[in-house]
Amino acid sequence: MPITACAFDLDGTLVDSIHDLARAANLARADLGLAELSSDRVASFVGDGAASLVARVLADSNSAEYTGTAMQVEGMDRFNEHYRAGLSIATQFYPKVQETLHMLHERGMPLAIVTNKPERFTIPLLRELGVFEHFDVIVAGDSLPKKKPAPEPLQFAALQLKVELADMLMVGDSENDILAARAAGCPVIAVSYGYGSNIESLGADAVIHRFDELRDYLDLN
Ligand SMILES: O=C(O)COP(=O)(O)O
Ligand SMILES: [Mg+2]
């Protein structure tokens, strides 16, 4: 793979954000008189952006969709407030992420974030974690009309980075990341430690178990 740029998913790939997401989700549920869900349960609802997360968390069902009911609108408002107030209380980089991002940035590798997390959370979270400046482009879940698994966010990132899609490596933890990469024509590596289920069977070019294994796939000089 002649990789000249990298695009990274955020939740479940760079950072373990589930405890802050689950806290905000459960505070929103409590505001609406609903009982607490386990972090694992909330993790199984992450991946399609905040509106889907809120719909699934309120219904405690993976098939719930956000249609804008009064309860969902209220739940979304509550979730926004709680999550914005505690984006990085318990959120941490997975092992070797910081070092590897820093090394790639130092070596001049163009880097993108391509996440389904909305901009209102993505940008402050990256700032709070001290890595905002490492990325040349940030495409969030609501930056464009379509989000992953559509190819547009990766197409937009490649355009901004001035690289070919075939030369931009996508790294993610869920089926949406792999589908988006396939649709866009990007090579894709899956991480095994995130929130996606059955990641080994989803047809990524490779599966890695620790973030710095990425080095093996990049032509670093
Ligand atoms: O917030 C989400 O739903 C998922 O975010 P991700 O695309 O960074 O995994
Ligand atoms: Mg993810």
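**View 1. Packing of helix α3 in the predicted model.** The buried residues of α3 pack against α1 (18–31), α2 (39–43) and α4 (70–85). Helices are DSSP runs (H or I, at least four residues), numbered from the N terminus. A residue is buried if 20 or more other C-beta atoms, placed from the backbone, lie within 10 Å of its own. Seven of the 10 residues of α3 (residues 50–59) are buried, so the helix is largely enclosed by the rest of the structure. They are Ala50, Leu53, Val54, Ala55, Arg56, Val57 and Leu58. Asp60, which follows α3, has a positive phi near 50°.

**View 2. The largest nonpolar core.** Such a core is a set of buried Ala, Val, Leu, Ile, Met, Phe, Trp, Tyr and Cys residues joined through C-beta atoms within 7 Å. Of its 64 residues, Cys6 and Leu154 touch the most other members. Domain 1 (5–16 + 91–217) and domain 2 (18–85) both contribute residues, so the core lies between them; the bounds come from an automatic or database domain assignment. Beyond four places in sequence, the contacts of Leu154 (C-beta atoms within 7 Å) include Ala7, Val114, Leu165 and Met170.

**Notes.** Residues are numbered from 1 along each chain as its sequence is written, with chains lettered from A and ligands numbered from 1 in written order. The model is predicted: local features need pLDDT of at least 70, side-chain atom pairs count only at pLDDT 80 or more, and totals for chains, interfaces and linings use all residues.

Conventions. A residue is buried if 20 or more other C-beta atoms lie within 10 Å of its own, exposed if 12 or fewer, and partly exposed in between; C-beta atoms are placed from the backbone. Two residues are in contact if their C-beta atoms, placed from the backbone, lie within 7 Å. Helices (H or I, at least four residues) and strands (E, at least two) are DSSP runs, numbered from the N terminus.
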